[in-house]
Amino acid sequence: MNLRRALVLAGTGLCLFTACEKADLTEGPEDAVEQSYPTSVGQGTQTSPYTVGQVMDGGTIDHKLHWFIGFVVGSTYQSMQNAVFEDESRYDSNILISDNPQCKDSKSCIPVELNTAALKKAFSLNYNSSLFRQCILLQGRYSLYFRTDGIRDVQTGYWLPGFDYTDLTPTEWDKREEDF
(Lines give C-alpha, C1' and ligand atoms only; values in the text may rest on other atoms or scores of the structure.)
Protein backbone atom coordinates (compact mmCIF):
# COMPACT_ATOMS: atom_id res chain seq x y z
CA MET A 1 0.00 0.00 0.00
CA ASN A 2 1.43 3.34 -0.93
CA LEU A 3 1.67 6.27 1.46
CA ARG A 4 -0.99 8.33 -0.32
CA ARG A 5 -3.58 5.57 -0.06
CA ALA A 6 -2.75 4.97 3.60
CA LEU A 7 -3.25 8.68 4.38
CA VAL A 8 -6.61 8.74 2.57
CA LEU A 9 -7.80 5.67 4.50
CA ALA A 10 -6.59 7.11 7.81
CA GLY A 11 -8.33 10.43 7.09
CA THR A 12 -11.56 8.66 6.15
CA GLY A 13 -11.44 6.62 9.36
CA LEU A 14 -10.85 9.77 11.40
CA CYS A 15 -13.82 11.50 9.74
CA LEU A 16 -16.08 8.51 10.40
CA PHE A 17 -14.93 8.30 14.03
CA THR A 18 -15.58 12.02 14.55
CA ALA A 19 -19.01 11.85 12.87
CA CYS A 20 -20.09 9.00 15.16
CA GLU A 21 -19.44 10.83 18.41
CA LYS A 22 -22.47 11.13 20.64
CA ALA A 23 -24.03 14.57 20.72
CA ASP A 24 -24.10 16.25 24.12
CA LEU A 25 -27.76 17.01 24.78
CA THR A 26 -27.29 17.97 28.41
CA GLU A 27 -27.47 21.66 27.55
CA GLY A 28 -31.08 22.59 26.95
CA PRO A 29 -32.41 25.32 24.70
CA GLU A 30 -32.91 27.56 27.73
CA ASP A 31 -29.13 28.02 27.90
CA ALA A 32 -29.15 29.97 24.65
CA VAL A 33 -30.92 33.09 25.89
CA GLU A 34 -30.87 35.30 28.95
CA GLN A 35 -34.01 34.63 30.95
CA SER A 36 -36.31 37.49 31.91
CA TYR A 37 -39.98 38.02 32.73
CA PRO A 38 -42.35 39.65 30.25
CA THR A 39 -43.50 43.17 31.03
CA SER A 40 -46.46 43.16 28.60
CA VAL A 41 -47.99 41.00 25.88
CA GLY A 42 -48.81 41.35 22.22
CA GLN A 43 -45.63 42.29 20.36
CA GLY A 44 -44.02 38.88 19.82
CA THR A 45 -40.84 39.86 21.67
CA GLN A 46 -39.27 38.24 24.73
CA THR A 47 -40.51 41.07 26.97
CA SER A 48 -43.90 41.31 25.21
CA PRO A 49 -44.74 37.84 23.82
CA TYR A 50 -47.79 36.78 21.85
CA THR A 51 -50.47 34.99 23.87
CA VAL A 52 -52.31 31.80 22.90
CA GLY A 53 -55.39 33.90 22.13
CA GLN A 54 -53.40 35.97 19.66
CA VAL A 55 -52.08 32.82 17.99
CA MET A 56 -55.62 31.46 17.71
CA ASP A 57 -56.67 34.72 16.04
CA GLY A 58 -53.70 34.17 13.73
CA GLY A 59 -54.29 36.90 11.17
CA THR A 60 -51.67 39.40 12.32
CA ILE A 61 -48.79 37.04 13.15
CA ASP A 62 -46.28 36.36 10.38
CA HIS A 63 -44.10 33.26 10.10
CA LYS A 64 -40.92 34.89 11.42
CA LEU A 65 -39.38 33.95 14.78
CA HIS A 66 -41.43 35.37 17.66
CA TRP A 67 -41.85 34.80 21.40
CA PHE A 68 -45.00 33.13 22.76
CA ILE A 69 -46.32 32.66 26.30
CA GLY A 70 -48.78 30.18 27.74
CA PHE A 71 -49.48 27.53 30.35
CA VAL A 72 -48.55 23.92 29.55
CA VAL A 73 -51.82 22.00 29.86
CA GLY A 74 -51.21 18.73 28.00
CA SER A 75 -50.04 16.98 24.86
CA THR A 76 -51.58 15.12 21.94
CA TYR A 77 -50.97 12.32 19.46
CA GLN A 78 -51.42 12.89 15.71
CA SER A 79 -54.37 15.31 16.04
CA MET A 80 -56.05 17.69 18.43
CA GLN A 81 -58.89 15.17 18.84
CA ASN A 82 -56.43 13.01 20.83
CA ALA A 83 -55.49 15.76 23.29
CA VAL A 84 -54.58 14.58 26.80
CA PHE A 85 -54.81 17.07 29.66
CA GLU A 86 -52.71 15.26 32.26
CA ASP A 87 -49.38 15.91 33.97
CA GLU A 88 -47.78 12.72 32.67
CA SER A 89 -47.79 12.00 28.98
CA ARG A 90 -46.58 9.31 26.64
CA TYR A 91 -46.21 11.91 23.92
CA ASP A 92 -43.03 13.94 24.02
CA SER A 93 -43.08 15.42 20.52
CA ASN A 94 -45.39 18.27 21.52
CA ILE A 95 -47.06 20.19 24.31
CA LEU A 96 -50.36 22.02 24.40
CA ILE A 97 -50.40 25.56 25.78
CA SER A 98 -53.33 27.75 26.78
CA ASP A 99 -54.00 31.16 28.29
CA ASN A 100 -55.94 29.30 31.00
CA PRO A 101 -53.81 27.09 33.28
CA GLN A 102 -56.88 24.90 34.02
CA CYS A 103 -57.73 24.34 30.32
CA LYS A 104 -59.16 20.91 29.41
CA ASP A 105 -60.57 21.81 25.99
CA SER A 106 -58.60 21.30 22.77
CA LYS A 107 -60.38 24.30 21.22
CA SER A 108 -58.86 26.59 23.89
CA CYS A 109 -55.22 25.63 23.40
CA ILE A 110 -52.59 25.37 20.70
CA PRO A 111 -49.98 22.71 19.94
CA VAL A 112 -46.25 23.38 20.15
CA GLU A 113 -43.92 21.08 18.21
CA LEU A 114 -40.88 19.73 20.08
CA ASN A 115 -38.82 18.24 17.26
CA THR A 116 -35.40 17.69 18.85
CA ALA A 117 -34.19 15.60 21.77
CA ALA A 118 -33.07 18.75 23.61
CA LEU A 119 -36.49 20.40 23.22
CA LYS A 120 -38.28 17.24 24.36
CA LYS A 121 -36.09 16.98 27.43
CA ALA A 122 -36.46 20.67 28.26
CA PHE A 123 -40.21 21.09 27.69
CA SER A 124 -42.20 17.86 27.27
CA LEU A 125 -44.39 16.64 30.11
CA ASN A 126 -42.56 13.30 29.90
CA TYR A 127 -39.53 14.97 31.45
CA ASN A 128 -41.23 17.86 33.24
CA SER A 129 -44.46 16.54 34.77
CA SER A 130 -43.91 18.67 37.88
CA LEU A 131 -44.25 21.77 35.68
CA PHE A 132 -47.74 20.82 34.45
CA ARG A 133 -49.99 23.91 34.27
CA GLN A 134 -46.97 26.21 34.69
CA CYS A 135 -46.10 29.17 32.48
CA ILE A 136 -43.64 28.78 29.62
CA LEU A 137 -42.01 31.31 27.28
CA LEU A 138 -40.92 30.00 23.87
CA GLN A 139 -39.35 31.41 20.74
CA GLY A 140 -40.62 29.79 17.55
CA ARG A 141 -42.68 30.35 14.42
CA TYR A 142 -46.44 30.65 14.09
CA SER A 143 -47.54 27.82 11.78
CA LEU A 144 -50.26 25.28 11.18
CA TYR A 145 -49.66 22.18 13.30
CA PHE A 146 -52.14 19.31 13.61
CA ARG A 147 -54.33 21.28 11.15
CA THR A 148 -54.73 24.16 13.57
CA ASP A 149 -52.86 27.30 14.59
CA GLY A 150 -49.72 26.37 16.50
CA ILE A 151 -46.02 26.94 17.06
CA ARG A 152 -43.24 25.11 15.22
CA ASP A 153 -39.50 25.49 14.76
CA VAL A 154 -38.95 26.26 18.46
CA GLN A 155 -35.49 27.75 18.90
CA THR A 156 -35.33 28.40 22.62
CA GLY A 157 -37.42 29.06 25.68
CA TYR A 158 -37.71 28.60 29.41
CA TRP A 159 -40.17 27.86 32.18
CA LEU A 160 -41.65 30.58 34.38
CA PRO A 161 -42.97 28.48 37.30
CA GLY A 162 -45.44 30.35 39.47
CA PHE A 163 -45.76 33.24 36.99
CA ASP A 164 -49.33 34.11 35.97
CA TYR A 165 -49.60 36.70 33.26
CA THR A 166 -53.40 36.46 32.97
CA ASP A 167 -54.41 38.40 36.07
CA LEU A 168 -51.70 41.04 36.16
CA THR A 169 -51.72 44.43 34.53
CA PRO A 170 -48.45 45.47 32.85
CA THR A 171 -47.55 47.84 35.71
CA GLU A 172 -47.85 44.99 38.22
CA TRP A 173 -45.58 42.76 36.12
CA ASP A 174 -42.45 44.72 36.98
CA LYS A 175 -43.27 44.35 40.68
CA ARG A 176 -44.01 40.62 40.24
CA GLU A 177 -40.63 40.04 38.58
CA GLU A 178 -38.89 41.34 41.72
CA ASP A 179 -40.61 38.55 43.70
CA PHE A 180 -38.78 35.87 41.71
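Val72 has Ile97 of strand S3 as its bridge partner, in a model that is predicted. That pairing belongs to a set of 3 bridges through which strand S1 (residues 65-77) is joined, antiparallel, to S3 (residues 94-98).

**Strand S1 and its cover**
- Of the 13 residues in S1, 11 are buried, and the strand is accordingly described as mostly covered.

**Pairing of S1 with S5**
- S1 and strand S5 (residues 135-145) run antiparallel and are joined by 7 bridges.
- Within S5, the residue that stands opposite Trp67 is Gln139.

**Pairing of S1 with S2, and the hairpin**
- Strand S2 (residues 79-84) also runs antiparallel to S1, with 2 bridges joining the two strands.
- Tyr77 has Ser79 as its bridge partner in S2.
- The hairpin that S1 and S2 form has 1 residue between the strands, and in this hairpin Gln78 takes a positive phi near 65°.

**Leu119 in helix H3**
- Helix H3, which spans residues 117-123, contains Leu119.
- Is Leu119 buried or exposed? Leu119 counts as buried because its relative accessibility is 4%, and the cut-off for buried is under 20%.
- Leu119 and Asn94 are separated by 25 residues in sequence, while their C-alpha atoms are 9.3 Å apart in space.

Notes: Residues numbered from 1 in each chain as written. Predicted model: local features only at pLDDT ≥ 70, side-chain atom pairs only at ≥ 80, totals over all residues. Heavy atoms only, no water. Helix = DSSP H or I, 4+ residues; strand = E, 2+ residues; numbered from the N terminus. Buried < 20%, exposed > 50% of the residue type's maximum accessible area, 1.4 Å probe, protein only. Pairing = 2+ DSSP bridges.
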